[in-house]
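Hi everyone, thanks for making time this morning. I'd like to walk you through one model, going from the overall layout down to a few individual residues. Have a look at it first.

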Amino acid sequence: MPILEEDLLFPDPEREARRHKLKRLVQSPNSFFMDVKCQGCYSITTVFSHAQTVVLCGSCSTVLCQPTGGKVRLMENCSFRRKSD
């Protein structure tokens with residue numbers, strides 16, 4: 001019986017994160033919600049990681065992030081925190 005090079009029950013977490021979202025051992029999306037803090041007024045706005053429109057700050061109307069082909073690009077001086085479930 002040949003020996004497998006990879007443990008199928010306990011895959012390497014680093015390799016598992018690089019796999020396609022549907023080919024992982026447990027399917028999970030690549031997208032997430034995050035709290036983005038505006039540096040002008042320090043208000044927090046919830047933003048989707050793969051937003052397709054420009055996101056503005058609710059109070060001072062500055063641009064927080066620009067859409068790209070995939071994930072959004074945060075503007076300079078904006079900090080973010082990934083939201084937990």
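The secondary structure here comes to one helix and six strands, and this is a predicted model, so please keep that in mind throughout. Along the sequence the pattern reads α-β-β-β-β-β-β. How does the radius of gyration sit against the globule rule? It is 18 Å, well over the 12 Å that the rule gives for 85 residues, so the protein is more spread out than a compact globule. If you picture a box along the principal axes, the C-alpha atoms fill roughly 65 × 25 × 20 Å. As for burial, 20% of the 85 residues count as buried.

Tyrosine 42 and valine 26 are 16 residues apart in sequence, and their C-alpha atoms are 37 Å apart in space. Asparagine 77 and lysine 23 are separated by 54 residues in sequence, with 36 Å from C-alpha to C-alpha.

Let me begin with the open sheet of three strands in the order 2-1-6, where the pairing is antiparallel. Which strands stand at its edges? Strand 2 and strand 6, residues 79-82, are at the edges, and each has a single partner strand, so one side of each is left without a neighbour in the sheet. On average, neighbouring strands of this sheet are turned by 30 degrees against each other, with direction ignored.

Let's look at the pairings inside that sheet. Strand 1, residues 33-37, and strand 2 pair in the antiparallel sense over five bridges. If you want a landmark, find phenylalanine 33, whose bridge partner in strand 2 is phenylalanine 48. On the other pairing, strand 1 and strand 6 are antiparallel over four bridges. There the landmark is lysine 37, with serine 79 as its bridge partner in strand 6.

In strand 2, the covered face has Thr45 and Val47, while Ile44, Thr46 and Phe48 are on the uncovered one.

Next, the turn. Strand 1 and strand 2 form a hairpin with six residues between them, and tyrosine 42 lies in that loop. Is tyrosine 42 buried or exposed? It is exposed, with a relative accessible area of 55%. Its backbone deserves a check by eye too: phi of tyrosine 42 is near 60 degrees, a positive value in a residue other than glycine. Most residues other than glycine have a negative phi.

Serine 61 has a positive phi of about 60 degrees, although it is not a glycine. Where is it? Serine 61 lies in the loop between strand 3 and strand 4, and at 52% relative accessibility it counts as exposed.

Strand 4, residues 63-66, is joined to strand 5 by two bridges, and the two run antiparallel. Within that pairing, glutamine 66 stands opposite arginine 73 in strand 5.

From strand 5 the chain goes on towards strand 6, and asparagine 77 has its place in the loop between them. Asparagine 77 counts as exposed, at 59% relative accessibility.

Last stop, the surface. Which residues form a nonpolar patch there? They are Val54, Leu56, Val63 and Met75, and together they have about 290 Å² of accessible area. Valine 54 is found in the loop between strand 2, residues 44-48, and strand 3, residues 55-56. With a relative accessible area of 42%, valine 54 is partly exposed.

That's my tour, and I'm happy to go back to any view you'd like.

Notes:
Residues numbered from 1 in each chain as written. Predicted model: local features only at pLDDT ≥ 70, side-chain atom pairs only at ≥ 80, totals over all residues. Heavy atoms only, no water. Patch = residues over 30% accessible without salt bridge, like charges linked within 9 Å, V, L, I, M, F, W, Y side chains within 5 Å. Areas by Shrake-Rupley, 256 points an atom, 1.4 Å probe, with all protein chains shown as cover. Salt bridge = Lys/Arg side-chain N within 4 Å of Asp/Glu carboxyl O. Buried < 20%, exposed > 50% of the residue type's maximum accessible area, 1.4 Å probe, protein only. Pairing = 2+ DSSP bridges. Axes fitted to C-alpha atoms, helices over the stretch in contact; angles between N-to-C directions. Rg over C-alpha atoms; globule rule 2.2 N^0.38 Å.
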